[in-house]
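Here's a quick briefing to read with the model open.

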Amino acid sequence: MSNEVVEYLKKNYDRNLESLKEFLSIPSVSTDPGHQEDVKDAASFVLNYLKKSGFKKTEVIETEGHPLVFAEWLGAGEDAPTMLFYGHYDVQPAEPLEQWKSKPFEADIREGRIYARGASDDKGQVFMHLAVLEAFLQTHGELPINVKVCIEGEEEIGSEHLYNLLQKRKEQFNADFAVISDSGMVKTGQPTILYGLKGFTGLEFTLTGPDNDLHSGIYGGAIKNPAMAMSHLLSSLKNEEEVVTIDGFYDDVEALDEEERKLIKEAPSEDFKLSTGAPEVISEKGYTAQEHTMARPTLEINGLYSGYQGEGTKTIIPSFATAKLTCRLVPGQDPQTIQDLLVRHLEEHVPAGVNLEIKREALSAKAYKVNPDHPLMQIAAKSYQESFDKDVVFVRMGGSIPVVEWIDSIYNMPIVLLGFGTPEDRLHSPNESFPLNNYEKGMETIVHFISNVKMS
């Protein structure tokens, strides 16, 4: 069965590519109210594609924000496994537009890649699954397994309404396992299975001093400078060895054993200096950069603002300073607990002469981890090998996908992260792209995975 489906995909490669270009041309930027109709158009594209493919039950589920597309095909019977495929059709803003070499919503193919906003995250990877499902239904009139499809339009703004929807419609979305393709490979051409993701929490805080900016000559030495106070407070959070110094931060961290350290060491890794342009690689004392990014918690300053930002000098004591912090968490850590520890630390260490105001980040997620030896992980590994002719590597990722933890907590089902992106894809940045080789081989991998699950 799988060979016929792969052959169908090859024969219809050009047609599918044109459909993908159409999908990518819709500026479904979920964070911008000016693109609300475009977001709906993207949902309609997904809905219509599924209908034309042969799905008899399709639905647009309205939320208080952007709509979600649901479809199901349960013709394989009660004895066959049911797969829930999750993805998202919304994208990040394309700005700054002047840095794009081609128009972000007019897909351009050059040097073996397709360039457009959403090419990798996540329209390109979503479309691969849609094309595979269509290929099965068009060649055989059926799917080897039961399939439910969940494509949302709010992932890039925190999936605000998804959690409650999954809980409210628990039976509708329930399945034996889930598949998500919103991730990637450790390097181009190296099939990779993610068996773990980090959790997430954070906050924003502001230090205020005087009620307006002050002349630094007249008031310097009498009034505490909020920007200087901010530097002192931030430096109390982590030392120069990248060790977080907040009391209790590491208390519940799941230890990284030697077996897993060996697994991480054996996986090909990104050359951080080369890919980022940073002068040096710095990681937590006692851990390699790979171990730190994949399996140790982090605390980062994401934004910092105070004082005059224009050309030249303006001799002031600024009235306030603001910082944004996030933590990436590992198994064992609870986001609420970590946020509470952050708040307590800031309150206990705030310098004299300034007031502290804290705004907690509402979005959070626990870390997710599954045993690499799980049968579904091994089926995925076999499917990658059949398509890419190369053994997979198993890694954990420093990023967070909240929906993974939500599906795990609500449904207690295993989740397979079939990612096909590469480090060169420039997610969320100008000139986002996706390699056409991975587009083609990725669809083959999905075909083999669905077929291999049926036979297992």
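Is Lys40 buried, partly exposed or exposed? Lys40 is partly exposed, at a relative accessible area of 35% (buried is under 20%, exposed over 50%, partly exposed in between, with a 1.4 Å probe and protein chains only). Bear in mind that this is a predicted model, where local features need pLDDT of at least 70 and side-chain atom pairs count only at pLDDT 80 or more, while totals for chains, interfaces and linings use all residues. Residues are numbered from 1 along each chain as its sequence is written, and side-chain values use heavy atoms, with hydrogens and water left out.

**Salt bridges**

- Searching the whole structure turns up 21 salt bridges (a side-chain nitrogen of Lys or Arg within 4 Å of a carboxyl oxygen of Asp or Glu).
- Lys40 pairs with Glu37 at 3.8 Å, N to O; both sit in helix 3 (residues 36-53), three residues apart, or about one turn of the helix. Helices (H or I, at least four residues) and strands (E, at least two) are DSSP runs, numbered from the N terminus.
- Glu204 and Lys324 meet at 2.4 Å, N to O, in another salt bridge. That pair links distant parts of the chain, 120 residues apart: Glu204 is in strand 9 (residues 199-208) and Lys324 in strand 13 (residues 320-329).
- Both partners are partly exposed, Glu204 at 23% relative accessibility and Lys324 with a relative accessible area of 40%.
- Glu260 bridges to Arg396, with the closest N and O atoms 2.8 Å apart. Glu260 belongs to helix 9 (residues 258-266) and Arg396 to strand 16 (residues 393-397), so this pair ties together parts 136 residues apart in sequence.
- Here Glu260 is buried at 7% relative accessibility, and Arg396 is buried at 6%.
- Glu260 and Arg396 also belong to a salt-bridge network with Glu254 and Lys369.

**Helix 4**

- Helix 4 (residues 123-140) has 18 residues and spans 26 Å from first C-alpha to last, close to the 26 Å expected at 1.5 Å a residue (1.5 Å times one less than the number of residues).
- The rest of the structure largely encloses helix 4, because 15 of its 18 residues are buried.
- Just past helix 4, Gly141 adopts a positive phi of about 75°.

**Second largest pocket**

- The second largest pocket has a volume of about 240 Å³ (a pocket is an open set of points on a 1 Å grid over the protein atoms alone, where a 1.4 Å probe fits, with protein on both sides within 12 Å along at least five of seven lines; lining residues have an atom within 4 Å of a point). That volume is the space filled by probe spheres set on the points, which are joined across faces, edges and corners.
- Its lining includes Ile157, Tyr163 and Trp406.
- Helix 14 (residues 402-411) gives the most to this lining, with three residues.
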